[in-house]
Amino acid sequence: MSEKKISLLGKTLGELTEIVTSLGMPKFTGKQVARWMYGRKVASIDEMTDLSLKNRERLKKMYEVGASAPVHEMRSVDGTVKYLFRTPDNNYIESVYIPDGERATLCVSSQVGCKMNCKFCMTGKQGFSGNLTTAQILNQIYSIPERDTLTNVVFMGMGEPMDNLDAVLRSLEVLTADYGYAWSPKRITVSTVGLRRGMERFLKESDCHLAVSMHSPFPAQRGELMPAEKAFSIREIVDMLRGYDFSKQRRLSFEYIVFGGVNDNLAYAKELVKLVRGLDCRVNLIRFHAIPGVDLQGTDADTMLAFRDYLTRHGVFATIRASRGEDIFAACGMLSTAEKQAERQHVHKDKTKINK
């Protein structure tokens with residue numbers, strides 16, 4: 001059985017340079033490999049034609065580009081596309097392509113499942129299976145047909161990015177470095193439930209935008225929706241964020257999913273204004289779409305508008321995020337959960353046949 005090769009995808013320029021020099025190649029070969037992968041997005045080492053045939057063969061003995069295509073996709077009537085990728089250990093992750101006028105955003109995953117177990121999130125119901133590597137994170141961008149049309153990437157898919165921060169930061173380096181995708185950090189947003197140490201390190205080591213999941217300004221209720229509140233209080237998070245400057249290029253936003261009869265009346269808007277007063281931020285109001293086994297419902301459009309308008313009148317910049325991909329279960333975890341269930345049913349049927 002042949003030994004599995006190591007992915008070059010996800011390697012930084014420093015790592016690529018170490019690899020090629022260890023194989024007896026000139027140092028500049030590292031830049032050539034980076035340019036072929038991140039600039040030209042080749043599928044194989046054989047396509048790196050300004051490397052000598054001898055050097056390509058050296059690389060191929062232990063390494064491969066390491067890109068893998070999605071195993072399934074679902075296309076919405078509104079243009080949204082949900083992609084399903086299989087991991088080497090036969091789990092599944094999702095990414096969602098969202099076109100919107102001149103913008104084209106890809107929502108990527110950072111983990112298989114999630115430890116945070118938020119009440120409203122299907123991914124949390126899966127439990128946690130493991131962290132994605134930098135290669136697996138970047139592959140979600142690298143291997144979709146729309147990759148060259150992307151204007152933005154958001155780390156808001158499956159998993160908690162701050163719980164896999166090493167791999168996330170390395171992927172951000174590749175996306176923003178001159179040797180990589182050379183994107184402005186303003187094109188990238190990373191979300192979190194509020195893991196303090198991770199946020200502090202992220203804010204120190206990256207210039208990308210930060211989005212914090214709030215969903216309720218009241219700690220007790222937020223704790224019911226998000227168990228992480230018990231360890232990472234929203235009030236402590238806001239106090240910590242007051243120590244950073246968000247008035248320039250980097251943007252701070254709070255994500256607020258609106259649940260009917262739960263967190264959608266103006267008492268919540270009033271408390272939210274008090275909580276973030278004086279902080280340079282925006283609030284993104286998100287419509288909730290029901291998921292199986294969860295006793296939460298969305299709210300109506302008039303309530304959403306009233307909530308937004310209250311925030312705006314009281315000095316908090318607020319937007320209502322347009323709903324996309326409802327017909328393809330675009331909410332995180334829906335497609336991967338369905339795929340795993342289908343596999344289990346298939347295995348069960350096969351076992352039944354054998355037992356007969």
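Is K274 buried, partly exposed or exposed? K274 is partly exposed, with a relative accessible area of 47%. Here buried means under 20% relative accessible area, exposed means over 50%, and partly exposed lies in between (1.4 Å probe, protein chains only).

This is a predicted model: local features need pLDDT of at least 70, side-chain atom pairs count only at pLDDT 80 or more, and totals for chains, interfaces and linings use all residues. Residues are numbered from 1 along each chain as its sequence is written, and side-chain values use heavy atoms, with hydrogens and water left out.

Start with the partner of K274. E271 pairs with K274 in a salt bridge, with 3.5 Å between the closest N and O atoms. A salt bridge here is a side-chain nitrogen of Lys or Arg within 4 Å of a carboxyl oxygen of Asp or Glu. Both residues sit in helix α10 (residues 266-276), three residues apart, about one turn of the helix. Helices (H or I, at least four residues) and strands (E, at least two) are DSSP runs, numbered from the N terminus. E271 is buried, at 15% relative accessibility.

The structure holds 20 salt bridges. Another one joins D148 and K41 through their side chains, at 3.5 Å from N to O. D148 lies in the loop between α5 (134-142) and β9 (152-155), and K41 in the loop between α2 (29-39) and α3 (53-62), so this pair ties together parts that are 107 residues apart in sequence. D148 is exposed, at 59% relative accessible area. K41 is buried, at 15%.

Now turn to two strands. E255 and R321 form a salt bridge, their closest N and O atoms 2.4 Å apart. E255 belongs to strand β12 (residues 252-258) and R321 to strand β14 (residues 317-321), so the bridge ties together parts 66 residues apart in sequence. E255 is buried, with a relative accessibility of 4%. R321 is partly exposed, at 32% relative accessible area.

Salt bridges can also link up. D46, E57 and K60 are joined in a network of them.

Next comes the nonpolar interior. A nonpolar core is a set of buried Ala, Val, Leu, Ile, Met, Phe, Trp, Tyr and Cys residues joined through side-chain atoms within 4.5 Å. The largest one has 103 residues, and M37, F202, L241, F254 and L311 touch the most other members. Helix α6 (residues 165-176) gives the largest share of this core, seven residues.

Look at L241. Leaving aside neighbours within four places in sequence, L241 is in contact (heavy atoms within 4.5 Å) with L203, L210, V212, F246, L252, F254 and L279.
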